[in-house]
Amino acid sequence: MSRTASPPTRHRRAAALAGSALLAATALTVSSLSGTAAAQVDNGRAAAAKVDNPYAGAKVYVNPDWSAKAAAEPGGSKVSNQPTGIWLDRIAAINGTGGARGLRAHLDTALSQSGGSPMVVQLVVYDLPGRDCSALASNGELGPTEIDKYKTQFIDPIASILSESKYANSNLRIVATVEIDSLPNLVTNTGSRPTATPQCDTMKANGNYVKGVGYALNKLGAIDNVYNYLDAGHHGWIGWDDNFNPTAQILKQAATAEGSTVDKVAGIITNTANYSALKENNYTINDSVNGKSVRESKWVDWNRYVDELSYAQAFRQELVNVGFPSNVGALIDTSRNGWGGSARPSGPGAKTDVDTYVNGGRYDRRIHVGNWCNQSGAGLGERPKAAPASGIDAYVWMKPPGESDGASSAIPNDEGKGFDRMCDPTYTGNPRNGNNMSGALANAPLSGHWFSAQFQELLKNAYPAL
């Protein structure tokens, strides 16, 4: 059986940065490192030659704005020294907004944190025209046709700052995750699919997602110490046969648009700000119960993958198959996919039938894999770590834990962020989540704003436990 309209999901967020306090940068542990290029860095004179994995042998920048908020929470000091992503989610974020430092200030702080060692700074470049066409919580400030404004007022200023010799000829390694939630939407939420939206059809027709991503890759990738990572959704969005290769193809299209080439892509990132479990240990895609494959279960629903690690490794290989370099890497966002706590299964489900087996053993406790907003029961996942598995450059916390995915009710704002019913705990769903309840926490603020109740939930359900 093949799926012609697989349920693409979304994973959300947009972040506005905040706070202050400087903590020592966290060095990612590396499982196998021989002869890192770290020793080749020539501080202040010339950037080191590009390395295969920017996280290998490097510290990773701890954002003091996020760190201060985390440390102020009960128990938050256990994780407040972890590195998280810096979200450039609107033009104003480049120079800083309301207590949140701008890009230059982050880079200056990173230089001071580095102590002369290689230092990764993680940026989320996130302001496409018609942004996030299948959700309202993270809509952006630019209209569908404002591609020129995107180029000249957003990407060009970012590239200009990163190109300054102080940063370009330093020990910094800039990881730029480029426009999450964009390109996969052109595959899954367009055309005759039941999940299609008019907004996504518009962005596919006008080409501005592809043009914008290509332009960003070209401009940023021209800087020697910038490493671009493209968003590849997550297994519960792209893991179906009719989504998998088409998404790889559209990433290739964007990577070769607007003067860019595939060589300007260091890798992909999956599960950004989402909740898909890293590795399901209690069942595999190859299991069957009473002659029925787990693919026939309601939860898996004919997907080819049951977790992010297997998906990220397979999608990375698919990119190689369609023409990306063989050493292209992958990042997995593990900021909220731990699913620990009392609800975590200790073993496989009963083999009564395939649904009982899968539901009894799965770590991911969401109502539906398409639920993406402020999920109840979620926990912090694996701590950031370099080279944790074959083909994986790092586990990262690109989404800062404790920052909301979207408001649970309409909140007037000047950030271009709408109200998406998927963030409303009373919502009964749509085709993109199989018409299930949203599973969202109540009383959530705007996307990117601090959500204390969510942070406490993530601490409580962390796996590995804190």
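How many aromatic pairs does the structure hold?

1. Basis of the note. This is a predicted model, in which local features need pLDDT of at least 70 and side-chain atom pairs count only at pLDDT 80 or more, while totals for chains, interfaces and linings use all residues. Residues are numbered from 1 along each chain as its sequence is written, and side-chain values use heavy atoms, with hydrogens and water left out.

2. Aromatic pairs. The structure holds 8 aromatic pairs. Rings of Phe, Tyr and Trp (its six-membered ring) pair if their centres lie within 6.5 Å; planes under 30 degrees apart are stacked, those over 60 are edge-to-face, and the rest are tilted. One of the pairs, Trp-87 with Tyr-126, is edge-to-face, with 5.5 Å from centre to centre and 90° between the planes. This pair links distant parts of the chain, 39 residues apart: Trp-87 belongs to strand β3 (residues 86-88), and Tyr-126 to the loop between β6 (119-125) and α4 (147-163). Helices (H or I, at least four residues) and strands (E, at least two) are DSSP runs, numbered from the N terminus. Trp-87 and Tyr-126 are both buried, where buried means under 20% relative accessible area, exposed over 50%, and partly exposed in between (1.4 Å probe, protein chains only).

3. A pair within a helix. The ring centres of Tyr-150 and Phe-154 are 5.6 Å apart and the planes stand at 35°, so this pair is tilted. Tyr-150 and Phe-154 are separated by about one helical turn because they are 4 residues apart in helix α4. Both residues, Tyr-150 and Phe-154, are buried.

4. Cluster and charges over rings. One aromatic cluster is formed by Phe-244, Tyr-305, Tyr-311 and Phe-315. A charge sits over a ring if NZ of Lys or CZ of Arg is within 6 Å of the ring centre and within 35 degrees of the ring normal. Lys-50 lies over the face of Tyr-227, 5.4 Å from the ring centre. For Arg-362, the charged end sits over the ring of Trp-299, at 3.7 Å from its centre.

5. First disulfide. With a disulfide taken as a pair of cysteine sulfur atoms within 2.5 Å, the count comes to 2 disulfides. In the pair Cys-133 and Cys-200, the sulfur atoms are 2.0 Å apart; the link is right-handed, with 95° about the S-S bond. Cys-133, in the loop between β6 and α4, and Cys-200, in helix α7 (residues 198-206), are 67 residues apart. Cys-133 is buried at a relative accessible area of 6%, and Cys-200 is buried at 0%.

6. Cys-373 and Cys-423 have their sulfur atoms 2.1 Å apart, and their link is right-handed, with 100° about the S-S bond. Cys-373 lies in the loop between α12 (354-361) and β13 (385-389) and Cys-423 in the loop between β14 (392-396) and α13 (452-460), so the pair ties together parts 50 residues apart in sequence. Both Cys-373 and Cys-423 are buried. With bonded cysteines counted along the chain, the disulfides follow the pattern 1-2, 3-4.
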